[in-house]
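Work through the exercises below with the sequence and the model open. Each task is followed by a worked solution.

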Amino acid sequence: MIHVHHLESSRSQRVIWCLEELGMDYELVNYQRDPQTKLAPASLKQVHPLGKAPIISDASRGDRVIAESGAILEYLVEHPDAVGQLKPEAGTEALERYRFWLHHAEGSAMPPLVMRLVFSRLDKPPVPWPMRPLGRQFAKGIERSFLTPRIREFSAFWNDALAESPWFAGDTFTAADIQMSFPIQALEGRGGLDTLPNLQAFLERCRAREAYQRASETGGDLSAI
């Protein structure tokens, strides 16, 4: 039995989706964010020293603990209990593309999106109110000079990658698509897909999958990230 240490509105929702695609048994251990800080609770550090979701523990392998979404998805795809297949065959170009997108999602795509979220809060509590006007101006400068150009560059790159195939590794859905769904949904949530039709169509295909719908029912609406 796989235990998914699931934090609300987090990357751990992709792990649930992956497990549903693979037809594997799992159990959720739910955690709630701190209502003030929006951070994960300290109890997650009892599972893994970093205390950040996603985390899984595998009772079938001596309660092995795995952290980081990319590592978790690779572990599940290669698990002997996996029924589905979410990885291209060895020696193919699709496998090379799969590896790139599986790691690009967190390695390059998410950092500027997370930075945008952090800077957008510089004019809100808990920042002291006398400092909020300065925080607002600072955030606008970073957004204009760095974040907006970088995010536009990335999103155009993602959109172009889907111009000739429905999925990031090619014609077949893989775990790389599960990984890439998070930054694309994060961009969608801030109104950033209006001029990116391939990304819009990609999310429509994702949401039409039965495993995606089951994951949304179990772990919460993935679209609400």
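**Exercise 1.** With the side chain of which residue does the side chain of Asp58 make a polar contact of 2.8 Å?

Solution. The structure is a predicted model, in which local features need pLDDT of at least 70 and side-chain atom pairs pLDDT 80 or more, while totals for chains, interfaces and linings use all residues. Residues are numbered from 1 along each chain as its sequence is written, and side-chain values use heavy atoms, without hydrogens and water.

Step 1. The partner at 2.8 Å is the side chain of His79. A polar contact of 2.6 Å links the side chains of Asp58 and Ser60.

**Exercise 2.** Is Asp58 buried or exposed, and which side chain of opposite charge is nearest?

Solution. Step 1. Relative accessible area under 20% is buried, over 50% exposed, and in between partly exposed (1.4 Å probe, protein chains only). Asp58 is buried.

Step 1. Lys and Arg count as positive, Asp and Glu as negative; His and the chain ends are not counted. The nearest side chain of opposite charge is Arg61, 4.2 Å away.

Step 2. A salt bridge needs a side-chain nitrogen of Lys or Arg within 4 Å of a carboxyl oxygen of Asp or Glu. Asp58 has no salt bridge.

**Exercise 3.** How many salt bridges does the structure hold? Describe three of them.

Solution. Step 1. The count is 7.

Step 1. Glu21 pairs with Arg209, the closest N and O atoms lying 2.8 Å apart. Glu21 belongs to helix H1 (residues 12-22) and Arg209 to the loop between helix H6 (197-208) and helix H7 (210-219), so the bridge ties together parts 188 residues apart in sequence. At 15% relative accessible area Glu21 is buried, whereas Arg209, at 25%, is partly exposed.

Step 2. Lys87 pairs with Glu78 at 3.1 Å between the closest N and O atoms. Lys87 is partly exposed at 32%; Glu78 is exposed at 51%.

Step 3. In the bridge between Glu153 and Arg150, the closest N and O atoms are 2.5 Å apart. The two residues are 3 residues apart in helix H4, which means a separation of about one helical turn.

**Exercise 4.** What lines the largest pocket, and which helix gives the most to its lining?

Solution. Step 1. On a 1 Å grid over the protein atoms alone, a pocket is an open set of points with protein on both sides within 12 Å along at least five of seven lines; lining residues have an atom within 4 Å of a point.

Step 1. The lining has 38 residues, and those nearest the centre are Arg11, Arg33, Lys38, Leu117 and Arg121. Helix H3 (93-119) and helix H5 (175-188) are the elements that give two or more residues. H3 gives the most, with 7 residues.

Technical notes: 1 Å grid on protein atoms, 1.4 Å probe; cavity = no way out; pocket = protein on both sides within 12 Å on 5 of 7 lines; lining within 4 Å. Helix = DSSP H or I, 4+ residues; strand = E, 2+ residues; numbered from the N terminus. Polar contact = N/O pair within 3.5 Å; in protein donor to acceptor, adjacent residues only side chain to side chain.
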